[in-house]
Amino acid sequence: MSDYDKRLMYKAIELARRGEGLAAPNPMVGAILVRDGEIVGAGYHIFANVKHAEILALEDAGERAHSATLYCSLEPCCHYGRTPPCTDALIGAGIARAVIAVADPDLRVSGQGIAQLRAAGIEVVVGIGEAEARELNHNYFAAKNANLRREK
């Protein structure tokens, strides 16, 4: 874990905070794409039923997303819901590396997004900024963990 990765992850977490009061019931998520030391794309989750942070960052970066590193405050989704899977878009854009603060506790994701990125040959680092990302989405994590307890 480098200071550079930490610094960029904290930028992604701060970006995610812009969704406070807007993203619910979805989590607040920030995503930054960096290529050759330059931020080439950024996005945050604004409203439920609207594009996720990763998609907005990809759109912001355009072709510059190829070979970039993603810094994302929550594991990218890998399932169809109200939006298509972010993992498919990230793989399709050709990102080279993903730095993810924390795995998504949603059972439809829950490590599967990370696994899908790795299976596509993308280097994945998990855990930088994890405590801050969990705190940011305390209510989301609490709700997902309550659902897990009910399902058992």
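**First stop: Asn26**

Select Asn26 and show what surrounds it: leaving aside neighbours within four places in sequence, Asn26 is in contact with His45, Ala48, His52, Arg82 and Tyr140, where contact means heavy atoms within 4.5 Å. Before going on, a word on ground rules: this is a predicted model, in which local features need pLDDT of at least 70 and side-chain atom pairs count only at pLDDT 80 or more, while totals for chains, interfaces and linings use all residues. Residues are numbered from 1 along each chain as its sequence is written, and side-chain values use heavy atoms, with hydrogens and water left out.

Asn26 sits in the loop between helix H1 (3-16) and strand E1 (30-35). Helices (H or I, at least four residues) and strands (E, at least two) are DSSP runs, numbered from the N terminus. Is Asn26 buried or exposed? With 19% relative accessibility, Asn26 counts as buried; the cut-offs are under 20% relative accessible area for buried, over 50% for exposed and partly exposed in between, using a 1.4 Å probe and protein chains only.

Now show the side chains of His45 and Arg82. The Asn26 side chain makes a polar contact with the His45 side chain at 3.1 Å, and another with the Arg82 side chain at 3.2 Å. A polar contact here is a pair of N or O atoms within 3.5 Å; within protein, one must be able to donate a hydrogen and the other to accept it, and residues adjacent in sequence count only if both atoms are side-chain atoms.

**Zoom out: the whole chain**

Switch to cartoon. The protein has 6 helices and 5 strands, and along the sequence they follow the pattern α-β-β-α-β-α-β-α-β-α-α. The radius of gyration is 14 Å, close to the 15 Å that the globule rule gives for 152 residues, so the protein is as compact as a globular protein of that length. That radius is taken over C-alpha atoms, and the rule is 2.2 Å times the number of residues to the power 0.38. The C-alpha trace spans about 45 × 30 × 25 Å along its principal axes, and 47% of the 152 residues count as buried.

**Next: the sheet**

Colour the strands. In what order do the 5 strands of the open sheet lie? The order is E2-E1-E3-E4-E5, with mixed pairing. At the edges are strand E2 (38-44) and E5, each pairing on one side only. Two strands pair if DSSP finds at least two bridges between them.

Start with E1 and E3, which pair in the antiparallel sense over 4 bridges; pick Ala31 and you'll find it opposite Cys72 in E3. Move on to strand E3 (residues 69-72) and E4, which run parallel and are joined by 4 bridges. Here Leu70 stands opposite Ala98 in E4.

Now select strand E4 (residues 97-100) itself. Arg97 and Val99 point one way and Ala98 and Ile100 the other way, and all are buried. On to strand E5 (residues 123-126), which pairs with E4 in the parallel sense over 4 bridges; Ile100 has Val126 as its bridge partner in E5.

**Follow the crossovers**

Then look at E3, helix H3 (residues 86-93) and E4, which make a right-handed β-α-β unit. Right-handed means that, with the strands pointing away from the viewer, the path from the first strand over the helix to the second runs clockwise.

**Two last picks**

Select Glu54, in helix H2 (residues 53-61). Glu54 is buried, with a relative accessible area of 3%. Beyond four places in sequence, the contacts of Glu54 include Val29, Ala31, Cys72, Cys86 and Leu90. For a distance check, draw a line from Glu54 to Gly129: they are 75 residues apart in sequence and 17 Å apart in space, C-alpha to C-alpha.

Finish at His79, in the loop between E3 and H3. At 17% relative accessibility, His79 counts as buried too. Not counting residues up to four places away in sequence, His79 touches Pro84, Pro85, Arg108 and Val109.
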